[in-house]
Amino acid sequence: MGRVKTIARRSFLVGSAAIVGGVAFGTYLYKREVENPLEAGLEPGAATFNPYVKIDSEAVTLITPRADVGQGAYSVQAHLIAEELDVDLEAVRIEPGPPSAAYYNGVVAAEGVPIAATSETTLARAGRGGADVVSKIMGLQLTGGSTTVPDMYDRLRSAGAVARETLKAAAAAQTGLDVAELKTDAGAVVLPDGTRIAYIDLAAIAAKTPVVEDVALRDPASWRVLGKPHQRTDIVAKSTGTQDYGIDLRMDGMVHATTRTNPALGGGILGFDASEAETMRGVQAVLPITDGIAVVADNTWRAFQAAQAVVCDWGDAPYIGNTEAQFAEVAASFVKERQDSRFKDEGDVEAALDAADTVFEAEYRIPYLAHAPLEPMSVVALFGEGRLDIWTGTQIPRFMQDGAAELSGLDAENVHIHVLMSGGSFGRRLEDDYVRQAVEIAVQMPGTPVQMVWQREEDMTHDFPRPLAISRARGAVAEGKVAAFDLAIAAPSVAESSLARWGQPAMGPDVAIVAGAWDQPFAVPDYRVTGYRVPAMVPISSWRSVGASGNGFMHESFMDELCHAAGADPMAERLRLCNHDLSRKVLEAVAEMSDWGSDLGTGRGRGLAFTLAFGVPVAEVVEVTDVDGAIRIDKVFVAAEVGRVLDPVNFEAQLSGGVIWGLGHAMNCELTYDGGVAQQDNYHVFEGMRLHQVPVIEVRGLENGPKIKGIGEPGVPPAAPALGNAIFAATGKRIRQLPFSKEVNFL
Amino acid sequence: MKLTVNGTEHEVDVEDDMPLLWVLRDELGITGPKYGCGIAQCGACTVHVDGISVRSCQLAAADVDGEVTTIEGLGTPQALHAVQAAWIEHQVAQCGYCQSGQIMQAASFLDLNPEPDDAQIDAAMSGNLCRCGSYPRIRAAVKTAASRLQGV
């Protein structure tokens, strides 16, 4: 068995060949039933049919294991179960469930496999399937990569259907009726005479009924829940101040803590002087933790004040600490020894550029960016009597459990993770650094619940940002067409940095370095995309839409430049080049929505960008006005192909939210470093978009594709290039670096 | 010192310069107002003092010179304020963390300006950040709330 584990680990997030090799080898382990974590602690008379449905005499409980970080994941997961189980969501309990291998994510690992989303070759399918096997074996319970809907679409509907049919079997056994005569409705089995037996009254007998496994899923044409607009399950709490986040928990005897660790990440602490802090009102302790100190007090503000009063002697950053030097390192990475990938290499780019009369060249730069969710990192931890309880918002409960076990010296089974609603994340809660700090404090204060809350400045200077990157593009046009396109992108590897913190190796190329660029559905005759890996600098991580967040800007800005160089219309030329039917329909949709080609009048312009990321083709058209030298964003039209829209209200929220995320950071956000420390430590210097700047956003979801996809991230990548292309159209000024505020003002 | 919050008078023993936000959250256990930035840049901590919206992270406890209302005092799940009802109708919240402050800002603004135009709504609400990008629905919900409050 040791060898299975070794192979699975090695093939994680790497080349398809290794994963394909793992399929046959891992089949037995894959097919074996994963444990049902709900069986542990099940009361007598309660029933569980699978890891997603539990029924006792009091309630039906649905388990929604993907974290809700604002994207509505709890709601959509509950809808998937309810569609088959026939329950009213107002009448059930919805819980995130415990950390468990049962809740593996079968799609997220596939994103790391360099197979274009448009490819349906046998090898491509086998590669993606192999990723699912690896993820299941590893128990990768992770929320991210816009995978919740594609990963859970069949699993949760099946879970609901299995539970429903088992409940019907239980009712048949109890009544002597034939199962075929029974129906289900709103949490009850309905007998032919109309008598209703509530599911909760069937729990005891259902617990002894063999689980009915062979169940067909309902035809989407008959859906009553999915595909319809819904009220989010959390909307009342979030509109009345009654939603508890990690920062809001209150417990008897709880103390308030905050931490300060070296803002030059990993630089360590050489010493500290807490003599003043220890005398301040309400301060109970100043404790050493890894790389810094924690202050424990009777009030969060008092902890904040005292933490500022601790004099810390920090070590130096173990990475290049100055942004100018960081960009110089990136610029020096376009060399053979640092080449990471060349997944796209069609025709003969070198020959085409050699033969071209004119070679168009451009260099683009994108900055580090913070996640900066509005709820700063917040945790409650309680250690004692052989167990550790942790309450927090997280996207990685199993990794967190393992890390907390290691730190506290407990077995993982004695570490209890209580997942809470997150006040935003955008990828930030794929890290467990903040939880480790809370655990370090809690183990020094056994028996006392410790709430740790970061100051905003601590949060922003201890982020794991989206990496910076430079791309160098060359191209040629001929006869009014884009003829050659060569894009080289140099960036540090998110996979390398993140996986190292999870204790996992990252082998093979990092797809994220070129994601959203190498895999675009355009038939440029001579077309090449090369990734260069910059050696690790600032610790980095996944940021909403990951590699595509910046690569979309670089690819689509240059595509626009080449279209203009060719004298071609950017929409018509993309449509001509597009070799993927689903993507073409997205472009056609946004052309129609925006009335592309109509006259906008002087001082105005529209820009188009298209990115296929996370398997979702998205096209955006941005309209801007040049108001006396300042740019006003007027309208955005966005079309996305997701196979099937499960909740049109939430779909619109996620897609328009992604557009605003992409535009806001492109307008005015960057992290720069000095001495290894992020210089932007609060929202006055990392503002994003404010309400008065928000354009009218018109959204359309297309449902032409055979596979269902998630929409939390794919709206982000085309936003920045569509804005840049619109600014060019309105002003003639081409901006090749982000944020745009370096070169233009926004109203 | 004495503080009246949501109609209840409290005696609190805190430093004069403790921000109202932390008196509410950590001394009185009223957690609807949120901590986001601590420098009046995000608006998540917005509450009312005598009906006027203020950033409670920047208002010292000793400077509170009126009755404080937090989102808990504006309305409850059982008895929603018109602004909260509009927020629910428009499905505004995503992560929801900024929404207590957004709602308190909107409620105070509509009290002072019951018939705002679009530019006034934009100006009044631009001090409140939303990282998720729920802004278009905030605009729509403010308009709906305005018409409801006028009985239209």
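## Domains of chain A

In this predicted model, 10 residues of domain 2 of chain A are in contact with 12 residues of domain 3 of chain A. Contact means that the C-beta atoms of two residues, placed from the backbone, lie within 7 Å. The C-alpha centres of these two domains lie 37 Å apart. Chain A is divided into domain 1 (2-217), domain 2 (246-317 + 402-453) and domain 3 (323-369 + 464-746). Domain bounds come from an automatic or database domain assignment.

## Numbering and confidence

Residues are numbered from 1 along each chain as its sequence is written, and chains are lettered from A and ligands numbered from 1 in the order in which they are written. This is a predicted model: local features need pLDDT of at least 70, side-chain atom pairs count only at pLDDT 80 or more, and totals for chains, interfaces and linings use all residues.

The mean pLDDT of chain A is 91. That score is the predictor's confidence in each residue, from 0 to 100. In chain A, 92% of residues reach 70 or more. Residues 1-32 of chain A have pLDDT below 50. Beyond near neighbours in sequence, this stretch has 55 contacts in the model. Where pLDDT is low, the predicted coordinates should not be read in detail.

## Nonpolar core

The largest nonpolar core has 279 residues. Such a core is a set of buried Ala, Val, Leu, Ile, Met, Phe, Trp, Tyr and Cys residues joined through C-beta atoms within 7 Å. A residue is buried if 20 or more other C-beta atoms lie within 10 Å of its own, exposed if 12 or fewer, and partly exposed in between; C-beta atoms are placed from the backbone. Helix α7 (residues 148-175) of chain A gives the largest share of this core, 12 residues. Helices (H or I, at least four residues) and strands (E, at least two) are DSSP runs, numbered from the N terminus.

Residues with the most contacts inside the core are Val295(A), Ala381(A), Val450(A), Ile489(A), Val638(A) and Leu723(A). Take Val450(A): leaving aside neighbours within four places in sequence, its contacts include Val255(A), Val296(A), Ala381(A), Ile441(A) and Met445(A).

## A three-stranded sheet

An open sheet of 3 strands runs in the order β5-β6-β7 (chain A), with antiparallel pairing. β5 (183-185) and β7 (196-198) of chain A stand at the edges, each with a single partner strand, so one side of each has no neighbour in the sheet. The twist averages 30 degrees from one strand to the next. Two strands pair if DSSP finds at least two bridges between them. β5(A) and β6 (residues 188-190) of chain A are antiparallel and joined by 3 bridges. Asp185(A) has Ala188(A) of β6(A) as its bridge partner.

Two helices lie across these strands. α7(A) lies across β5, β6 and β7 of chain A, at about 55 degrees to β6(A). Helix α8 (residues 199-206) of chain A lies across β6 and β7 of chain A, at about 70 degrees to β7(A). Axes are lines fitted to C-alpha atoms, for helices over the stretch in contact, and angles run from 0 to 180 degrees between N-to-C directions.

## Chain B and the interface

Chain B is divided into domain 1 (2-72) and domain 2 (82-149). Their centres, taken over C-alpha atoms, are 20 Å apart. In chain B, 14 residues of domain 1 are in contact with 12 residues of domain 2. β3(B) gives the most to the side of domain 1 that touches domain 2, with 3 residues.

The contact between chains takes 47 residues from chain A and 49 residues from chain B. On the chain A side, α9, α11 (300-309) and α21 (648-668) each give two or more residues. α21(A) gives the most, with 6 residues. Thr240(A) sits in the loop between α9 (235-239) and β8 (255-261) of chain A. Thr240(A) counts as buried because 25 C-beta neighbours lie inside 10 Å. Its contacts beyond four places in sequence are Ile71(B), Gly75(B), Thr76(B), Pro77(B) and Gln84(B).

## Backbone details in chain A

The peptide bond from Leu738(A) to Pro739(A) is cis, with omega near -5 degrees. Pro739(A) is in the loop between α22 (719-731) and β28 (745-746) of chain A.

Phe614(A) is not glycine, yet its phi is positive, near 55 degrees. Phe614(A) lies in the loop between β22 (604-613) and β23 (616-627) of chain A. With 27 other C-beta atoms within 10 Å, Phe614(A) is buried. Asp628(A) also has a positive phi, near 50 degrees. Asp628(A) is in the loop between β23 and β24 (630-641) of chain A. Asp628(A) counts as exposed, with 7 C-beta neighbours inside 10 Å.
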